[in-house]
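Me: I am new to this structure and should be grateful for a close look at one part of it, the surroundings of the DNA strands. Please set that part in the context of the chain that supplies it.

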There are 2 protein chains.
Amino acid sequence: MALQNTETRLSGYAFDGRKGRTALSSGEEGVDSRFDRRLAKLLHHAAQIFCEKGYEGASMRDLSRAAGMSLAGLYHYFESKEDLLYLIQKHTFRTIIERLQERLKESKDAEERVRIFIENHLEYFLANKEAMKVLTHEDETLKNGRGSEIRAIKREYYKICLDLLEELRREKGLQFSGRLAVLGLFGMINWIYTWHNPRVDLDAGAMAEEMSNLFLRGVLNPGKTKRKIAKTNA
Amino acid sequence: MALQNTETRLSGYAFDGRKGRTALSSGEEGVDSRFDRRLAKLLHHAAQIFCEKGYEGASMRDLSRAAGMSLAGLYHYFESKEDLLYLIQKHTFRTIIERLQERLKESKDAEERVRIFIENHLEYFLANKEAMKVLTHEDETLKNGRGSEIRAIKREYYKICLDLLEELRREKGLQFSGRLAVLGLFGMINWIYTWHNPRVDLDAGAMAEEMSNLFLRGVLNPGKTKRKIAKTNA
DNA sequence: TTAAGAATCGAACGAACGTTCGGTAACCTT
DNA sequence: AAGGTTACCGAACGTTCGTTCGATTCTTAA
């Protein structure tokens, strides 16, 4: 009998009454049981398949083939396909936020902190392309409890970025819409999975610098904008 | 017997030996047969469902329900689910490019032409959210002939934008990577479908101006960038 | 050495999938 | 009014889907 969770299915939020008590959280004690290590590998394989074929397009049979495990065997590690997607997204999101917060301790300068945000994102993004594509491409796939838990983490990440930008705005006395700036920035850095080719494009560090320059110049410079496109016509 | 195409299936590229000879192309004569008008409505309904559930997640039965037509009846208008996606993407892409080229005739000024590009994209994007989401979200879904035809149109659109930016760069004597600028810009304006809320956010025109300012200031201003994040640490 | 639990498996379940087929109804031309 | 074409439908086909079940092997601690 697998997954001796008592009532995780009913609680609506607690998707964590999982097996050998660690559940991949990279937290507290480095227990990392046999179960956890195997699960981590399965998540990795699954992310690759979801990345290739999309969540709906990938079958559990595809996953079992990629993982070298029988179809039934997979269900020892997660309770459903949806749960699998949830675990991938949660682990990916938590890791990128964790690393970011570590790196943000390095600087108090507002502009540099924004650069750190961008560099952290791109570095993790390009080093974990598959999982990050699954995170961004399938962000409306999860429903109900699992979906709202992931959406909460996403808002947390959004908020961190927004705070960094508003700190910058305050410090430099600028004027711009925080929401628009954050979402413009997210667009630039999340869109990368659709085109980045390691044989043609810069590596993560260089790309982060270029994108930071492009974005920060746009945000930092005064609004000497050519006003409105004239509706002139013959 | 439906779709009296002779050998469209074999030719690999010519997906256009379609029924009553017009095939939605909005071209030459405004024939717009009964067939074409019904097909256009079906594409619209289908785009809504694909937008909601994704291409793989949407079933032909979902589509038949949304269109108020029997499952079998749908196949009178297209030959497969994949063909349906292809028709949606082609029609959407062709329309946005067509409108863009019309609008670009309005100005010879390099900067303003970039603004026109952005405004055209956002205006069409927000007025046809569903179809545009299907275009951007499912851009790797189509395979083989249909896929490479859509990818060719996409390259055409990319090229138009690249040319506009390089014209701007030449005129103002600037220095930046065209590829990175185009893809950064595409990121900003394509990402919108993931967050835009008409009750909270600006309308297309105002959004286009804000995004244009953000992007153009980033591109136009000199590289007075704070160099590299120091690897300093305790 | 053994017994309990964790890990894995083959085989099967019912449901849902995209597509097809033969037929009927609606429409248009003559 | 007739006849041919277009538009549409109910019912089914074969396949694939996510998931489950009972049984078997592996691992581990006493």
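Reply: Buried residues make up 35% of the 234 residues in chain A, a residue being buried if 20 or more other C-beta atoms, placed from the backbone, lie within 10 Å of its own, exposed if 12 or fewer, and partly exposed in between. The model is predicted: local features need pLDDT of at least 70 and side-chain atom pairs count only at pLDDT 80 or more, while totals for chains, interfaces and linings use all residues. Residues are numbered from 1 along each chain as its sequence is written, and chains are lettered from A and ligands numbered from 1 in the order in which they are written.

For chain A the mean pLDDT (the predictor's confidence in each residue, from 0 to 100) is 86, and 82% of the residues reach 70 or more. Over residues 1-17 of chain A the pLDDT is below 50, and over residues 227-234 of chain A it is also below 50. Where pLDDT is low, the predicted coordinates should not be read in detail.

Chain A has 10 helices and 0 strands; these are DSSP runs, numbered from the N terminus, with helices (H or I) of at least four residues and strands (E) of at least two.

A residue is near a strand if its C-beta atom, placed from the backbone, lies within 6 Å of it. At least two residues of this surface come from each of α2 (34-53) and α4 (71-74) of chain A, and from each of α3 (60-67), α4 (71-74) and α5 (81-104) of chain B. By class, the surface near DNA strand C has 9 nonpolar, 5 polar and 5 charged residues. Ala, Val, Leu, Ile, Met, Phe, Trp, Tyr, Cys and Pro count as nonpolar, Asp, Glu, Lys and Arg as charged, and the others, Gly among them, as polar.

Around DNA strand D there are 19 residues, the closest being Ser59(A), Ser80(A), Ser70(B), Ala72(B) and Gly73(B). Here α3 (60-67), α4 and α5 (81-104) of chain A, with α2 (34-53) and α4 of chain B, each give at least two residues. The surface near DNA strand D holds 8 nonpolar, 5 polar and 6 charged residues.

The two chains also meet each other: 36 residues of chain A are in contact (C-beta atoms, placed from the backbone, within 7 Å) with 36 residues of chain B. On the side of chain A that touches chain B, two or more residues come from each of α6 (110-127), α9 (178-190) and α10 (204-220) of chain A. The largest share of that side, 9 residues, comes from α10(A).
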